[in-house]
Amino acid sequence: MSLYYEPDPADESTPPQLPPLLRAEAVDTGDVQAKAVAKAAAGEVGLVCYAPSGPLLDFALTLAPEVDAATAAQMHHALMVAVGDAVGALAPPEVVVTYQFPGTILFNRGVAGAIQLVQGPLAADQTIPAWMVVSARLRLTSQMDDLPLDYRMANTSLEEEGAGFISRIRLLEACCRHFLVWVHKWEEEGFRPVHDMWSNRTEKQVELRSADGRVADWLGLDEAGSGLLKLDGEACAVPVLSAADIFTVPQLDAGPQLNARPGEQS
């Protein structure tokens, strides 16, 4: 018996009820992010593409930036905070949500999700990208019994953490609503509130590893959202837009990964 349940669970076929600024489109087959990128490049704004089935909550939002590329990239952090808020609102309090730079979401120190950002090209003599897509992938369920022990210890899902009762549609709705709240706060107050919330949820116990397996010492976010870290004894600032040069995105529906393993930081 669980003390927690979703009072109004949604069927997988139920269309998500989104705020007026957003509209949903199910992507039955293919890559959700790629679909959103194509829609964004065609000029569609406020579209939420999502996978209506599968073990992941997989969705992507199309945006039309009005600020320079580096500032617009702060929507990556805003969506990360929004997903954390949404899970926090729907899951039992035992599910602790933390973050690793650039976009890894952890539940109780296990890798459970990832945020990504794609920007369109800059027009000539412009610093504002033509379009932008922020996307999230989050494990709802997982079948890891046949995978190596170190992989199972480093990865988890809502189901594994006792929150398997949360329906895909309700979680999608909650993520979108929290995202709009954080976008509004960002417009009114700047990046500081997003920065502070992100920083409060920084994972400090799980090693931060680069794509080639090196352990990075995490120093914090700078005031613009770049990751400050020390790698091979050298301190550096890594913007979200160039983080792919150092870090890999967790492959949530694939095999073992290098960028998050249990262990104490020095």
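Modeller: Arginine 192 has a relative accessible area of 43% and is therefore partly exposed, a class that runs between buried (under 20% relative accessible area) and exposed (over 50%), using a 1.4 Å probe and protein chains only. The model is a predicted one, in which local features need pLDDT of at least 70 and side-chain atom pairs count only at pLDDT 80 or more, while totals for chains, interfaces and linings use all residues. Residues are numbered from 1 along each chain as its sequence is written, and side-chain values use heavy atoms, with hydrogens and water left out.

The side chain of arginine 192 forms a salt bridge with that of aspartate 196, at 3.1 Å from N to O. The term salt bridge requires a side-chain nitrogen of Lys or Arg within 4 Å of a carboxyl oxygen of Asp or Glu. Both residues belong to helix 6 (residues 192-200), where they are four residues apart, about one turn of the helix. Helices (H or I, at least four residues) and strands (E, at least two) are DSSP runs, numbered from the N terminus. Aspartate 196 is also partly exposed, its relative accessible area being 34%.

Arginine 209 and glutamate 207 form another salt bridge through their side chains, at 3.0 Å from N to O. Here arginine 209 has a relative accessible area of 17%, so arginine 209 is buried. Glutamate 207 is buried too, because its relative accessibility is 16%.

A further salt bridge joins aspartate 232 to arginine 214, with the closest N and O atoms 2.4 Å apart. This pair connects distant parts of the chain, 18 residues apart: aspartate 232 sits in the loop between strand 10 (227-231) and strand 11 (234-238), and arginine 214 in the loop between strand 8 (208-209) and strand 9 (215-221). Aspartate 232 has 56% relative accessibility and so counts as exposed, whereas arginine 214, at 31%, counts as partly exposed.

Some salt bridges share partners, and through them Arg23, Glu25, Lys39 and Glu44 are joined into one network. Over the whole structure, the search finds 12 salt bridges. As background, side chains of opposite charge can pair when their charged atoms come close.
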